[in-house]
Amino acid sequence: MSALVEGVRKALGRGGDVGARVDGLERAVDAAQGRLPDEVVDPARAVLERTGQRLRLSGEHTVVALAGATGSGKSSLFNALCGLDLAATGVKRPTTSWALACAWGPEGAGELLDWVGIPRRHQVARESMLDSSGTDQEMHGLVLLDLPDHDSTEVSHHLEVDRLVQMADLLVWVLDPQKYADAVLHDRYLKPLASHAEVMLFVVNHIDDVPEEQRKPLLADVRRLLQQDGLGEVPVLATSATRGDGIAQLRAQLVRRVQQKDVSRGRLLADVEAAAGRLSAVTGEARPDDVARAAKSSLVDAFASAAGVPVVVEAVERSTRTRARQATGWPLTKWLARLRPDPLRRLHLDLGRTGDSGLGAARTSLPRPTEVQRARVDTTVRAVVTDATASLPHLWASAVRRASVARLDDTGDALDRAVGQTELGTDRRPLWWSAVRWLQWALFVVAAGGGLWLAGLFALGYLRLPEPGTPEWNGFPVPTLMLVGGVLAGVVLALLSRLLAALSARRRAAAVERRLRAAIAEVVQDYVVEPVQGEIAAYRACRDGIARARGR
């Protein structure tokens with residue numbers, strides 16, 4: 001949990017719900033950062049910052065802002081509530097050009113007003129005045145603001161209103177009977193603040209200018225418009241700052257809110273709710289699954305093809321056959337196999353006796369992926385992302401797609417390293433190779449002995465010398481049996497060994513393919529699957545944080 005949330009809970013004490021909801025919003029904002037547009041995330045982060053700042057300040061004061069259009073009588077109402085002529089009105093001040101603050105209570109609210117941004121020269125402490133009535137005692141903790149006119153032609157005026165409307169704990173909208181349906185008020189302020197109904201009051205001022213029989217229909221129409229804005233049954237009072245009508249009721253409303261000391265908490269909850277709602281509008285409540293096993297397998301297939309795994313597997317099989325022929329072939333012909341280059345050495349994949357080439361990050365000599373192979377990789381990645389993001393809203397799906405290809409350009413070297421560092425096991429020789437090799441040499445010695453014996457007999461006969469007796473076996477001369485039998489047996493053994501070597505080569509190639517695919521799968525997991533699942537996890541964190549921020 002962040003220091004912000006800890007500060008919120010410490011400041012509110014019993015307001016654990018606020019802490020939990022602020023924590024949810026913070027988690028949602030952190031998850032959405034960099035994934036959703038700044039214009040969506042930044043306002044929510046500003047709410048978090050404003051929440052933390054407000055709670056570190058006085059919890060004994062309630063900031064109430066009087067907001068309204070030109071001529072609505074805000075300043076007159078401000079003076080009536082203060083009981084003093086503090087704000088210039090009428091001809092002296094046709095439009096409010098700055099915010100004025102009046103604070104009730106002996107402890108003052110200077111630090112809070114400094115945070116709100118009210119200059120010291122526009123701050124008045126009600127306790128500093130000569131008059132101090134019992135009513136003023138009831139209003140201890142109230143900080144009343146007289147805002148500029150929200151419909152002023154001066155841009156700085158309505159910008160100041162926009163700023164202070166976000167910072168006030170309670171908003172009192174002062175309506176003119178002639179302009180209460182103004183579209184600027186409803187579209188710019190009230191509809192966007194529909195979730196803040198609990199921290200709003202509406203006052204129809206100048207009610208004395210409305211004929212008696214028209215007042216109830218007027219207030220009913222005001223309530224109708226407010227309901228259309230989504231504010232529900234928000235309190236609506238009728239006042240006349242000049243005659244004093246309704247001032248006592250308005251003061252009573254403010255006293256009740258101030259004494260409850262939960263208005264600021266309600267405003268913060270409303271801000272958090274609104275920020276979470278804006279995030280929810282672009283996040284939704286999808287339930288995406290992780291990347292499926294079949295999808296991972298298809299990714300491994302595509303990347304393995306691009307990495308040259310089929311080439312390596314074929315080279316391992318051919319190399320195993322070549323080495324088997326060298327080890328088990330007939331001694332007079334197996335040297336021919338040494339004239340053929342080893343397929344693995346040509347690929348810089350001959351791992352020697354230790355299973356480690358010692359080349360480290362050196363590249364193999366595998367062929368670069370073709371355009372078809374690269375296109376297959378791109379298509380497979382897009383298909384996997386499309387399946388994974390089928391239920392996600394557009395902005396989050398785009399974030400997942402960006403993550404899926406963010407490291408795609410780096411996979412070439414990673415795949416090459418994965419292939420180059422995979423143990424191919426070509427240094428291991430089956431025991432039967434050695435047995436066949438010794439047997440071949442024994443047959444060769446027998447054949448050679450028979451051949452030399454026959455050569456000796458031929459030489460003696462050619463020189464007309466007496467020939468020694470030649471032993472026979474079943475009517476066949478032993479030297480002839482040795483020569484012919486040794487050669488035939490060696491050739492047959494070589495042919496049988498070649499068949500066994502082919503089976504062994506296929507098994508070894510299959511084992512190498514499994515190891516290579518496992519190495520490729522790690523690259524796919526690191527460079528594609530984890531970024532995708534990381535974005536999906538961020539979506540879930542954002543969605544769950546939003547739900548928590550909204551108290552759901």
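About 80 Å³ of space lies in the largest cavity. The model is predicted, so that local features need pLDDT of at least 70 and side-chain atom pairs count only at pLDDT 80 or more, whereas totals for chains, interfaces and linings use all residues. Residues are numbered from 1 along each chain as its sequence is written, and side-chain values use heavy atoms, without hydrogens and water.

A cavity is a set of points, on a 1 Å grid over the protein atoms alone, where a 1.4 Å probe fits but cannot get out; lining residues have an atom within 4 Å of a point. The structure holds 3 cavities of 30 Å³ or more. Thirteen residues, written 13, line the largest cavity, and Arg 50, Gln 166, Arg 267, Leu 268 and Asp 271 lie nearest its centre. Helix H3 (38-56), helix H7 (155-167) and helix H11 (263-283) each supply at least two residues of this lining. By type, the lining comprises 5 nonpolar, 3 polar and 5 charged residues.

The second largest cavity contains about 60 Å³ of space. Its lining includes Gly 68, His 150, Asp 176 and Lys 179, and divides into 5 nonpolar, 3 polar and 3 charged residues.

Phe 458 belongs to helix H18 (residues 431-462) and is exposed (over 50% relative accessible area, 1.4 Å probe), with a value of 62%.

Technical notes: Helix = DSSP H or I, 4+ residues; strand = E, 2+ residues; numbered from the N terminus. Buried < 20%, exposed > 50% of the residue type's maximum accessible area, 1.4 Å probe, protein only. 1 Å grid on protein atoms, 1.4 Å probe; cavity = no way out; pocket = protein on both sides within 12 Å on 5 of 7 lines; lining within 4 Å. Points joined across faces, edges and corners; volume = space filled by probe spheres on them. Nonpolar A, V, L, I, M, F, W, Y, C, P; charged D, E, K, R; others polar.
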